[in-house]
Amino acid sequence: MKKGMVVGLSITALIGFCIVLFYQVTHIEEPAARKSMVSKRTNIVDFLVETISDEKIPLSSGIEDTDDGYTVNNSNKDASKKIKSSKITSFFCNFSTLYDEDTMTLGKKQWKLRADFDGKTVKGSYAAFDSDSEDERRFEADEKFMGDLLDIILQYDIASYNGIDTETQGISDEYGATLGVMFESGENIYASNNEENFIPIEAEEAFVQLFASACAKGSDVIGISVNEQYADLGDSGAAGYISFPLLHLGRTDAFGKIDELKYPTEEELHRAIDGINSYEKDEALSAKEEIEKNYGIAHKENPDEYGTDLYYDSECFVTRNDSEVVSLYVRENSKTNADEDSGYTSYRSYNIDSVTGENLQFSETFRDLKKLPALIEKEIRTKYPGHKFYENLSERINDSIIENDGDVCFCLGNGFVHLFINEGVLSSENGGYHITLPFADNPKLVSNFYLEYPVKTFTKLDYNTDYYLRDGHSFRMSCEINEDDVLWRAVAEGKTCEMPFYGHAPEVYLTETAEGSYLFLNVPAGDVSFHGILYEITDRGVKVAEENGDLGLSVVPETTLDPEFILMHVNEVIDGPVCFMYPTGVYRIDTDGFPVPATKEFRLTGEKVVVRESGRYNPKDTEDAANSGGMYYVAEGTELTPYASDLSNYIDFITVGEKQSRIIRFTIDEFSSNMKLDNFGGLGKVFNRDIR
């Protein structure tokens, strides 16, 4: 009988052990079920304890049996809660916001922050990661960084947590927090709990933002250009067109070559830009295919009807392009009748991390998502008085942000952020809403990563949009169009400047330098030509820059948005009555806002000319001469176009229609903007402008 009892007890014990084991396994990854969690705040256990391994405080130990597993408690209740020293030598802090419902700090991630001071320089590291992405950075700072750290520690009484040291076995490293601080005096703070996060949310926010300021990397421009792609509707009979943007990374020179080596960007950024190009093209082509399909059906059913047309424009504005982030928005406007004043307009934005290529979300960019909807509502009501809005605007805005449906989107700028709300979200009125929030008025609006941007910038501006500049000025422009008469209006510092133009509204570019803010206006001077005017934004409003601001240059629409590498047309037409050559060169913006040549060679665009008689002509350089036996033989009737010139000593022509084009150089006796072909070393005797 005793033997039976022993066997029975053994079986019962085995069953009990299996039940306990099963409970432990099934509860490893269930943070919401942890009864000891505080406000569902959890964190990392993988801490860098080696920093203070030689300075450990003697701790008492104890083992508690919890629902989730064994907890080892080595906490020291006698650890000092006050620190006398004012100089930090080492700091590390690991925590998580993965399961934090109240997070303000850059979304739900795990964080590892560390900084060490060697007496001269602070060397630190920052890491933020989740299951899908990882951002690791290193930085160097001066001693003030440690002083700022001390201010946070004192403000949130971090020393009061000194001595906490508990570890619950059997849980992952996504919970709890670990913090260690060493001082010059030998004092230290050490606290660790791998189940409960003891660090206040506000302290976490302050730590992350301090480290973000130290390792922000938005000081360098990344060159990007935007080319408009245009296509008429197909052969279906429907009228109209589509246009959409195509973006390029790198410096595009006057000859159409892209030099990506000037911008050491990661492959991830290239893939992100390619993805934007594909999406915008697909949207435009889908609209085109749909309208052509509908036209075909309508035309077949009722041949007397003209059918449906489509006019689809998606215009792109790059608002920021630097080594931290590339931001841009696309304004899509589509209408089915050319006579409509406006069709359906919508916005979409892209904010691409320049290193990871990831598209930033609201939660990764804005510091307090709880307050953001109310702030947006306040600005919307202020900017659009008299509009009949729906009820609960903040709630509608918040729902769109949380659902990430794109109806509320943002675009980072240089010192501000654009916010767009698409049609139908806030009211039944046509059109969406667009506001701009400056960082100067909202210092805790976005993460400190995005507060730094290059000292010198170059940006294409949008109409009816507010811009806030580094020097404290603000700017906004609009235009009134009455047939061919255009009234351009600029408002800066509350003062209005008006200029009448003919044809269409000027394209406007803004450059900011260390000395001021300047506007480049491409003013229409004919059907296909422009002339450039330079304005300065001052305390007295917008005024024409010195020397009347007449540049004799205009910005090429496809230019790289880089103040050190801007494509500009020389507006004076060389040899206008004969050959129409428009020079295009690369310029850089000087500190006074005026462009100066960055290269010595200009691309020429002009009409064809024909060689009058066969002969031998000089190649453009010695390498070509060596490969061709000294000179090129060119047959009578060969067609050429102007190609390049330094606008001083020579002009090059390039052959047209040959399998391998050849460039022929002619010496200029004396350069002037109203030259005839005869001035180019007697080219009037060489070329005939009549094309057969």
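**View 1. Helices H2 and H3 meet through side chains from both helices.** Phe145, Asp148, Leu149, Ile152 and Ile153 of H2 contact a set in H3 made up of Ala203, Ala206, Phe207, Leu210, Phe211 and Ala214. The model shown here and in the other views is predicted. Two packed helices are described by the angle between their axes and the distance between the axes. For H2 (residues 144–155) and H3, the angle is about 170° and the axes lie 10 Å apart. H2 is therefore roughly antiparallel to H3, since angles over 145 degrees fall in that class.

**View 2. Phe91 and Phe207 in the largest nonpolar core.** This core has 65 residues. Within the core, Phe91 and Phe207 touch the most other members. Helix H3 (residues 201–215) is the top contributor, giving eight residues. A second, separate core holds 33 residues, including Ile224, Ile276, Ile566 and Leu647. In soluble globular proteins, nonpolar side chains tend to be buried together.

**View 3. The surroundings of Phe91.** Neighbours within four places in sequence are left aside here. Phe91 then contacts Leu113, Arg114, Ala115 and Asp116, among others. Its partners also include Leu149, Leu179, Gly180 and Val181. Phe207 and Phe211 are in contact with Phe91 as well. Leu149 of H2 also takes part in the meeting of H2 and H3, as do Phe207 and Phe211 of H3.

**View 4. Helix H7 and its buried side.** H7 spans residues 393–403, and Leu393, Ile397, Ser400 and Ile401 are buried in this helix. These four cover an arc of only 100° around the axis, so they sit on the same side of H7. The buried residues pack against helix H5 (362–365), helix H6 (372–383) and strand S17 (408–412). Exposed Ile402 and Glu403 are carried on the face turned away from the buried side. Asn404 follows H7 and has a positive phi, near 55°.

**View 5. Strand S30 between its pairing partners S29 and S31.** Of the five residues in S30 (residues 566–570), four are buried, so the strand is largely enclosed by the rest of the structure. Strand S29 (residues 553–555) pairs with S30 in the antiparallel sense over three bridges. Leu553 has Val570 of S30 as its bridge partner. Strand S31 (residues 582–589) also runs antiparallel to S30, joined by four bridges. In S31, Tyr587 is the bridge partner of Ile566. Ile566 is also a member of the second core, the one of 33 residues.

**View 6. Thr457 in strand S20.** S20 covers residues 457–460. Thr457 has a relative accessible area of 6%. Thr457 is therefore buried, as the limit is under 20%. Beyond neighbours within four places in sequence, Thr457 contacts Asn414, Leu510, Thr511, Glu512 and Pro563. Ile589 lies 132 residues away along the chain, yet the C-alpha atoms of Thr457 and Ile589 are separated by 9.3 Å.

**View 7. Asp220 in the loop between H3 and strand S10.** S10 covers residues 224–232. Asp220 counts as partly exposed, because its relative accessibility is 48%. With neighbours within four places in sequence set aside, Asp220 contacts Asn321, Asp322, Ser323 and Pro454. Asp220 and Asp322 are 102 residues apart in sequence. Their C-alpha atoms are 5.4 Å apart in space.

Note on methods. Residues numbered from 1 in each chain as written. Predicted model: local features only at pLDDT ≥ 70, side-chain atom pairs only at ≥ 80, totals over all residues. Heavy atoms only, no water. Helix = DSSP H or I, 4+ residues; strand = E, 2+ residues; numbered from the N terminus. Buried < 20%, exposed > 50% of the residue type's maximum accessible area, 1.4 Å probe, protein only. Contact = heavy atoms within 4.5 Å. Core = buried A, V, L, I, M, F, W, Y, C linked by side-chain atoms within 4.5 Å. Pairing = 2+ DSSP bridges. Arc of directions from axis to C-beta. Axes fitted to C-alpha atoms, helices over the stretch in contact; angles between N-to-C directions. Parallel < 35°, antiparallel > 145°, perpendicular 65-115°, else oblique.
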